[in-house]
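Subject: Structure for your files

Hello,

Here is the structure I said I would pass on. My notes on it follow below.

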Amino acid sequence: MIVLRKLLGFFLWPGNAASRALSIDVSADGGQVRSLVNGLVWGAVLLILALVFHG
């Protein structure tokens with residue numbers, strides 16, 4: 001269970017860091033900023049990996 005919590009913390013880190021930098025409480029915005037940032041970051045990572053390993 002500890003490993004899963006660490007893994008979850010790793011995947012949510014970009015959005016949490018952005019929320020803290022913008023002084024936004026996660027419970028106040030419903031996690032919208034966190035979800036947006038996480039989607040952008042992990043989407044970019046996956047795109048780069050796909051382009052590197054494609055051919």
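For the helix packing described here, axes are lines fitted to C-alpha atoms over the stretch in contact, and angles run from 0 to 180 degrees between N-to-C directions. Please note that this is a predicted model.

With that convention, α1 and helix α3 (residues 32–54) pack at an angle of about 125°, and their axes lie 8 Å apart. Angles of 65 to 115 degrees count as roughly perpendicular and those over 145 as roughly antiparallel, so α1 is oblique to α3. The crossing of α1 and α3 is right-handed. On the α1 side the contact is made by F10, F11, L12, P14, G15, N16, A18 and S19; α3 contributes V33, R34, V37, N38, V41 and W42.

As for the whole chain, the protein has three helices and zero strands, in the order α-α-α from the N terminus. Its radius of gyration is 14 Å, whereas a compact globule of 55 residues would have one near 10 Å. Along the principal axes, the C-alpha atoms fill a box of roughly 45 × 30 × 15 Å. Buried residues account for 16% of the 55 residues.

S23 is not a glycine, yet its phi is positive, near 55°. Most residues other than glycine have a negative phi. S23 counts as exposed because its relative accessibility is 68%, and the cut-off for exposed is over 50%.

Regards

Definitions and conventions
Residues are numbered from 1 along each chain as its sequence is written. This is a predicted model: local features need pLDDT of at least 70, side-chain atom pairs count only at pLDDT 80 or more; totals for chains, interfaces and linings use all residues. Side-chain values use heavy atoms; hydrogens and water are left out. Helices (H or I, at least four residues) and strands (E, at least two) are DSSP runs, numbered from the N terminus. The radius of gyration is taken over C-alpha atoms; the globule rule is 2.2 Å times the number of residues to the power 0.38. Buried means under 20% relative accessible area, exposed over 50%, partly exposed in between (1.4 Å probe, protein chains only). Angles under 35 degrees count as roughly parallel, over 145 as roughly antiparallel, 65 to 115 as roughly perpendicular and the rest as oblique. A crossing is left-handed if the near helix is turned anticlockwise from the far one by less than a right angle, and right-handed if clockwise. Contact means heavy atoms within 4.5 Å.
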